[in-house]
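Welcome! Open your viewer, get ready to select a few residues, and we will walk through them together.

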Amino acid sequence: MAALKGAGKRFLENLFGTRVSFDRMERTLYGHDTAEIPSLVKPLVGSTIPAAVVQPASEEELVALVRWAQETT
């Protein structure tokens, strides 16, 4: 998935400041758990690279992020 652009990017930047990243390398690192997806399953799952990496600092920020994600997907 490509990094966010436009209004979505601005929303996350305004809400999270330096705790949001659109860097491809960082998004790739956060795109999976400690293990790789098995090669037989990978074609079924597709890309696991997130559009952004966000680190909420409070419950309120987490709630705002989830609400935004529900509204924009």
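Helices (H or I, at least four residues) and strands (E, at least two) are DSSP runs, numbered from the N terminus. You are looking at a predicted model, where local features need pLDDT of at least 70, side-chain atom pairs count only at pLDDT 80 or more, and totals for chains, interfaces and linings use all residues. Residues are numbered from 1 along each chain as its sequence is written, and side-chain values use heavy atoms, with hydrogens and water left out.

Start by selecting Ala-51, in the loop between helix H3 (42-45) and strand E2 (53-54). Is Ala-51 buried or exposed? Ala-51 counts as buried because its relative accessibility is 11% (buried means under 20% relative accessible area, exposed over 50%, partly exposed in between, with a 1.4 Å probe and protein chains only).

Next, select helix H4 (residues 59-72), where you will find Glu-61. Glu-61 has 14% relative accessibility, so this residue counts as buried too. Beyond its neighbours within four places in sequence, Glu-61 is in contact (heavy atoms within 4.5 Å) with Leu-15, Phe-16, Arg-19, Gln-55 and Pro-56.

Finally, show helix H1 (residues 6-16) beside H4: they pack at an angle of about 175°, with axes 11 Å apart. Axes are lines fitted to C-alpha atoms, for helices over the stretch in contact, and angles run from 0 to 180 degrees between N-to-C directions. To see the contact, colour Gly-8, Phe-11, Leu-12, Leu-15 and Phe-16 of H1, then Glu-61, Ala-64, Leu-65 and Trp-68 of H4.
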